[in-house]
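Dear colleague,

Please find below the structure that I am handing over to you.

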Amino acid sequence: MASVMTERFGSGEHHVDGPPKDPYDLSACVAIVCRLTPSRAVSVEEQLMIFLFVVGHGASNRDAQETWQRSRSTISKYFGIVLEAIFNMSGEYIRPPDMNNVHHTIRYNNRFFPYFQGCVGAIDGTHVSACVGGARADKFRGRKGDTTWNVLAACDFDLKFTYMLSGWEGSAHDARVLEHAISEPQNGFPFPPPGKYYLVDSGYANRGCFLAPYRGTNYHLRDRRRLGGDRKKEQFNYRHASLRNAIERTFGIWKRRFPILRSMHQFPLDKQAMIPVACAVLHNFIRMDPASVAQDHVSGDEDDDDASSEDDSVDADPDGVDVGESSSHLNIPQDMDMGAFRDYVTNCIHEGSSG
């Protein structure tokens with residue numbers, strides 16, 4: 001993490017009246033977008049490096065004191081300043097994808113096109129570590145018994161976050177968090193235009209702009225070898241899971257790059273809730289660089305403990321066929337609910353693989 005980020009700091013000569021000369025110079029971007037300024041004793045670069053040291057190594061305040069030879073209060077002060085600055089950059093770096101065009105991951109893969117051409121991304125919840133004690137801890141206990149935050153996120157097929165809502169306790173159900181996200185305008189949920197939708201897992205309802213797999217039918221990629229029962233639904237669920245796997249891969253890269261998400265330190269709760277979003281900003285910033293995307297792929301970081309070690313091989317499905325160009329009818333008609341649309345796509349997939 002440190003080596004990846006250090007390459008992107010630039011010379012430190014920031015021109016705050018205009019855009020940074022190097023779009024990969026994070027310290028310049030922070031200085032310009034958030035007006036982060038150096039103090040008499042601590043430069044913008046050092047402020048940023050203190051923050052990155054903590055989130056990128058899961059380091060404690062004491063570790064940072066020893067590394068940077070600064071007092072406890074100085075480390076705490078500048079960690080908070082940079083955290084707030086990067087959190088406030090979320091509107092700039094965590095943005096909805098282009099929802100009017102079909103992503104190349106779908107457009108040029110005959111397992112997905114034209115069946116999922118209306119898909120704009122994937123949504124899921126994930127748990128990140130929370131440091132909470134006393135009577136409040138029970139509300140934060142997730143399904144594994146640890147204290148966690150339940151973070152809702154959407155991603156595109158470039159494995160970048162396009163939305164994130166942080167601040168829910170680990171005991172909250174994923175569906176409840178999503179319902180809150182879409183029902184409160186201040187949450188800024190990026191609703192897709194008519195005919196477009198997000199992929200979600202079976203823990204969410206198949207309605208509105210959310211396309212879920214069939215319940216009670218195999219849908220994890222690892223279940224592909226155990227086909228049986230309703231083959232049509234299993235074909236749909238398999239391809240749905242293959243495409244939706246983007247969110248699990250995104251979570252995996254994000255959590256490995258920022259170990260603090262797995263082992264939170266004793267920050268105030270409001271700061272803890274901001275840390276996942278700030279790390280998502282940094283994740284998206286890093287993935288702006290094609291070299292970093294290639295490094296993530298080569299290093300095998302695209303796995304998440306929350307996932308089921310699912311295989312996303314392009315050649316895994318023998319039923320993929322060339323479906324040609326005519327496909328506009330596979331966007332959701334305005335008079336069709338999501339249940340009927342799912343059945344329609346399922347029949348199209350089955351007919352295509354049988355033909």
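**The chain as a whole**

The chain has an accessible surface of about 16300 Å², and carbon and sulfur atoms account for 47% of that surface. Please bear in mind that this is a predicted model. The chain has 355 residues, of which 52% are buried. Its secondary structure consists of 12 helices and five strands. Among the contacts with a separation of 6 or more, 67% are between residues 24 or more positions apart.

**The nonpolar cores**

The largest nonpolar core contains 70 residues, and the members that touch the most others are Phe51, Ile86, Phe116, Trp254, Ile260 and Ile275. Helix 10, which covers residues 269-286, contributes the most to this core, with 10 residues. Another core lies apart from it and holds 19 residues, including Trp168, Ala172, Cys209 and Phe210.

Setting aside residues up to four places away in sequence, Trp254 touches Thr126, Val128, Phe161, Met164, Leu261, Pro276, Cys279, Ala280 and His283.

**Aromatic rings**

The count of aromatic pairs comes to 16. One of them is formed by Tyr163 and Phe189, in an edge-to-face arrangement with 5.2 Å from centre to centre and 75 degrees between the planes. Tyr163 belongs to strand 3 (residues 161-169), while Phe189 sits in the loop between helix 8 (174-183) and strand 4 (197-199); the pair therefore ties together parts that are 26 residues apart in sequence. Both Tyr163 and Phe189 are buried.

Phe189 also pairs with Phe191: their ring centres are 5.0 Å apart and their planes stand at 70 degrees, so this pair too is edge-to-face. How do these two residues stand in terms of burial? Phe189 has a relative accessible area of 8% and is buried, whereas Phe191, at 47%, is partly exposed. Ring pairs link Tyr163, Phe189, Phe191, Tyr198 and Phe210 into a cluster. Phe210 is also among the members of the 19-residue core.

Arg107 lies over the face of Tyr108, 5.6 Å from the ring centre. Arg107 also lies over the face of Phe113, at 4.2 Å from the centre of that ring.

**Two residues in their surroundings**

Thr148 is located in strand 2, which covers residues 148-155. With a relative accessibility of 11%, Thr148 falls under the 20% limit and so counts as buried. Its side chain is joined to that of His127 by a polar contact of 2.8 Å. Beyond residues up to four places away in sequence, Thr148 touches His127, Val128, Ser129, Ala130, Phe140, Gly142, Glu169 and Gly170. Val128 is likewise among the residues that Trp254 touches.

Ala212 lies in the loop between strand 5 (210-211) and helix 9 (231-257). Ala212 is buried, with a relative accessible area of 1%. Which residues touch Ala212, leaving aside its neighbours within four places in sequence? They are Val200, Asp201, Tyr204, Asn206, Phe236, His240 and Arg342. Between Ala212 and Ala241, which are 29 residues apart in sequence, the distance from C-alpha to C-alpha is 9.5 Å.

With kind regards

How values were computed
Residues numbered from 1 in each chain as written. Predicted model: local features only at pLDDT ≥ 70, side-chain atom pairs only at ≥ 80, totals over all residues. Heavy atoms only, no water. Core = buried A, V, L, I, M, F, W, Y, C linked by side-chain atoms within 4.5 Å. Buried < 20%, exposed > 50% of the residue type's maximum accessible area, 1.4 Å probe, protein only. Helix = DSSP H or I, 4+ residues; strand = E, 2+ residues; numbered from the N terminus. Contact = heavy atoms within 4.5 Å. Phe/Tyr/Trp six-rings, centres within 6.5 Å; stacked < 30°, edge-to-face > 60°. Lys NZ or Arg CZ within 6 Å of the ring centre and 35° of its normal. Polar contact = N/O pair within 3.5 Å; in protein donor to acceptor, adjacent residues only side chain to side chain. Areas by Shrake-Rupley, 256 points an atom, 1.4 Å probe, with all protein chains shown as cover.
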